[in-house]
Amino acid sequence: MDCANQAASAHDVGAETHSETTESGQQPFHDSTSGAGSWDMPPPAVKSSPPSWSIKRIKHDLKMVMRDPLPGIFVHVDEHDITVAHCLIIGPFETPYEGGFFYFVVRFPDTYPNDPPNVKLCTTGGGRVRFNPNLYQNGKVCLSILGTWDGPSWSPSQTLGSVLLSIQSLMSRTPYHNEPGFETERSPGDAARY
């Protein structure tokens, strides 16, 4: 499913079924090991309403980012499904991303905040552009708090705002150094050429 259809079908799920699940019962994103292919957010196993405690927390997180907007980050709740948010991150000043508009779709699982939201980058040039070692052309956002990379894992104390700030922080002056094993340049000038 591409991003243009992601939002349109966010509330109309159930036609697709996936058999894979993680330890928490969440269905993983679908990805190939090569980094190509689909990175679609899985639909809920069955079309249902999240529990009231989850909805309450989602509403709280959304209220916080709308009441106190984060610089360069805009959030709009899907008009058909409160568990889906459309987010726009503007590339930070003095970075290669400056002036860029990066569109993400966030889906909160029924188990939120116990489990992290699912996030998909939709600004990929139709799956042809990889902007960053952590932002794949198939839409994958590689971030430990989302469970898509090794490192500090998700905690229920984190919020939608902290997720979006973490993604924005990936858009640094030297994205070359975001790649594991590339903390230092292998050859002089590699970071500038990246």
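Here are some friendly notes on this predicted model, point by point.

1. Ground rules. Residue numbers start from 1 along each chain as its sequence is written, and side-chain values use heavy atoms, with hydrogens and water left out. In this predicted model, local features need pLDDT of at least 70 and side-chain atom pairs count only at pLDDT 80 or more, while totals for chains, interfaces and linings use all residues.

2. Overall layout. The protein has four helices and four strands, taken as DSSP runs numbered from the N terminus (helices: H or I, at least four residues; strands: E, at least two). Read from the N terminus, the order is α-α-β-β-β-β-α-α. Of the 194 residues, 44% count as buried; here buried means under 20% relative accessible area, exposed over 50%, and partly exposed in between (1.4 Å probe, protein chains only). The exposed surface comes to about 10,200 Å², with carbon and sulfur atoms supplying 55% of it; accessible areas come from the Shrake-Rupley method with a 1.4 Å probe, and for residues only the protein chains shown count as cover. Among contacts with a separation of 6 or more, 50% are between residues 24 or more positions apart, contact meaning heavy atoms within 4.5 Å.

3. The core. Do look at the largest nonpolar core, which has 29 residues; such a core is a set of buried Ala, Val, Leu, Ile, Met, Phe, Trp, Tyr and Cys residues joined through side-chain atoms within 4.5 Å. Val75, Phe104, Val119, Val141, Leu160 and Ile167 have the most contacts inside this core. At least two residues each come from H2, E1, E2, E3, E4 and H3, and H3 gives the most, with five.

4. Helix H3. Spanning residues 160-170, H3 has as its buried residues Leu160, Gly161, Val163, Leu164, Ile167, Gln168 and Leu170. Their cover includes helix H2 (52-67), strand E1 (73-77), E2, E3 and E4. Beyond its neighbours within four places in sequence, Leu160 touches Asp61, Leu62, Val65, Val75, Val106, Phe108 and Tyr112. At the N-terminal end, Thr159 caps H3, with a side-chain oxygen 3.3 Å from the backbone nitrogen of Gly161.

5. Val119 sits in strand E4 and is buried, at 2% relative accessible area. The C-alpha atoms of Val119 and Leu146 are 7.8 Å apart, although 27 residues separate the two along the chain. Thr124, in the loop between E4 and H3, is also buried, at 8% relative accessibility. Leaving out residues up to four places away in sequence, Thr124 is in contact with Val129, Phe131, Tyr136, Gln137 and Gly139.

6. Backbone details to check by eye. The peptide bond joining Tyr112 and Pro113 is cis, with omega about 10°; Pro113 belongs to the loop between strand E3 (101-107) and strand E4 (118-121). Glu94 is not a glycine, yet has a positive phi of about 55°. Glu94 lies in the loop between strand E2 (84-90) and E3, and is exposed, with a relative accessible area of 54%.

7. Cysteines. How many disulfides does a search of the whole structure find? The search finds zero, where a disulfide is a pair of cysteine sulfur atoms within 2.5 Å. Cys87 is buried at 1% relative accessibility, and Cys142 is buried at 3% relative accessible area.

Methods. A polar contact is a pair of N or O atoms within 3.5 Å; within protein, one must be able to donate a hydrogen and the other to accept it, and residues adjacent in sequence count only if both atoms are side-chain atoms.
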